[in-house]
Amino acid sequence: MNKVLIANRGEIARRIIRTCKARGVATVAVYSDADKDLPFVREADESVHIGPPPVPHSYLNVEAILAAAKSTGADAIHPGYGLLSENESFARRVLEEGILFVGPTPEVIGQMGDKLTARHIMEAAGVPVVPGCEQAIDSPDEAAVIALSIGYPVMLKASAGGGGIGMHICRDEAELRQAYQSAKGRAKAYFGNDAMYMEKYVERPRHIEVQVVADQHGNVIHLLERECSIQRRHQKVLEESPSPFLDTATRELLCNAAVTAAKAVGYSGVGTVEFIVDEQKNFYFLEMNTRLQVEHPVTEEMTGIDLVSLQLDIADGHPLSIKQEDVKALRHAIELRVYAEDPVTFLPSPGTITLYQPPAFEHVRIDDGVETGTQVTPFYDPMIAKVIVSGATREEAVQQAQSAMHHFLITGIKTNIPFLQEVLQDEQFRAGNYTTWFVTERGAASSTEKR
Amino acid sequence: MKQVAANMAGTVINVLVQPGDEITEGQDVLVLESMKMEVPVQAQASGKVVEVKANIGDFVNDGDIIVVLE
């Protein structure tokens, strides 16, 4: 592999460029009109303009991206996360052009992208899945019968959905019948696929995921877990590892289940197996992400392993250079996602960054995509930076995170830094005692206080 | 005069009211899109719509007045 084209933007493009530079691999950035002045475009060895700001015309424009790879002689494409990273037909097109795709095979992407298929594979492999139905549901009547057999509350889900989109909690039949029609319509509009299925709704769960790494020769290992329960709008805002909730025995079971899952699908590359964990520490397979994740630096800072470098080795056909016994939790790591958004309402806040001054201390890593003067446009995700801290203990990591947040200066746009500071000060968070309801419950508590 | 303001910066993707409509507090009057998020803007007061200051495709800033009520 001599030259990698990065089919992405912002912080993740910079992140990939960093590892490529360290390995002596040349990089090609692709960019839309809105991104032409961003740091990732300058930092790549070459850059190719691929179209106007809306993603269907640029970052999702497969032919423009392939043309950029051809014209620059790139021999590999790294899709980053989001955008085309889990698009089966894109991966296939890349391979058809004789270019390496940094990720698993198109077949695996397709299988794990369909939640029902993924569920079937996991169940057959003996990985625990949330009690639920095995087929697409055809009518509200059928939904009602299934819900009765599972027991309320149930979660109605779009088979092609993800990231919290297309999910509805139903506590009784009336709610289910109503949700069924609207959810089906929305699934059709959003994902072009209106297949719906149903699962038992787990009350007060934790979202814990396992990083897996697999080469093309059948070797699969895990890089321990990440706790991702602090979410707003069903999207993660703070992740940490190790999880403060897991005991050694549960951790081992969970990580082994993830390895079984990866083996069951014939996975290759880095991937993440997401689980939902209940209050009794029962865990269930949720989905598998067949790409590098936003929160991958948590694992990197905890274990000292460069995941992008592993991805490139695997794509190049090398066997894994690390063994399971080499993987150790050396430190406690926390990632905070800095979003251009209102810290109270979480509504987007695009605009011009008039001053950007990230903290620079030891054990504080900043993965960002902006600088002073950057226009944060309304076209893309609101995440502008990730702050990854680590400490010898969780307490030390939390203190480090507080200090980093205190010294992070961004003016011109609203950011969620005040919100992240509140999370870090929260007693329940400090005690490691939180669920995916943390933000919702805190919001309810603070609005009661105001009254 | 009562008015309805945008609750975030974004592009207008749908306008749900027109001059002459009687609207009630909390009713959706417009849908904004920004940073991969669709957000309905709700009327902060009830009344008759006198003027809609935004069209589909317009970019509005947080706090911009988008609907004027009688």
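Two residues are said to be in contact when heavy atoms of theirs lie within 4.5 Å. The model is a predicted one, in which local features need pLDDT of at least 70 and side-chain atom pairs count only at pLDDT 80 or more, whereas totals for chains, interfaces and linings use all residues. Residues are numbered from 1 along each chain as its sequence is written, chains are lettered from A and ligands numbered from 1 in the order in which they are written, and side-chain values use heavy atoms, with hydrogens and water left out.

A:His207 belongs to strand S9 (residues 206–214) of chain A; helices (H or I, at least four residues) and strands (E, at least two) are DSSP runs, numbered from the N terminus. With a relative accessible area of 9%, A:His207 is buried, since that word stands for under 20% relative accessible area, while exposed stands for over 50% and partly exposed for what lies in between (1.4 Å probe, protein chains only).

Other strands of chain A form an open sheet of five, in the order S3-S2-S1-S4-S5 and with parallel pairing, where two strands pair if DSSP finds at least two bridges between them. Its edge strands, S3 (46–51) and S5 (100–101) of chain A, each pair on one side only. Within the sheet, four bridges join S1 (residues 3–6) of chain A to S2 (residues 26–32) of chain A, and A:Ile6 stands opposite A:Ala29 in S2(A).

Strand S17 (residues 364–368) of chain A pairs with strand S19 (residues 383–391) of chain A in the antiparallel sense, over five bridges, and A:Asp368 stands opposite A:Ala385 in S19(A). From S17(A), A:Val364, A:Ile366 and A:Asp368 point one way and A:Arg365 and A:Asp367 the other way, yet all are buried.

We turn now to where the chains meet. Eleven residues from chain B and 15 residues from chain A make the contact, and the two chains bury about 1,000 Å² between them, 69% of it on carbon and sulfur atoms; buried area is the accessible area (1.4 Å probe) that two parts lose on being put together, summed over both. B:Met35, B:Lys36 and B:Met37 supply 58% of the area that chain B buries against chain A, more than any other three residues. B:Lys36 also forms a salt bridge with A:Asp381, the closest N and O atoms being 4.0 Å apart, where a salt bridge is a side-chain nitrogen of Lys or Arg within 4 Å of a carboxyl oxygen of Asp or Glu.
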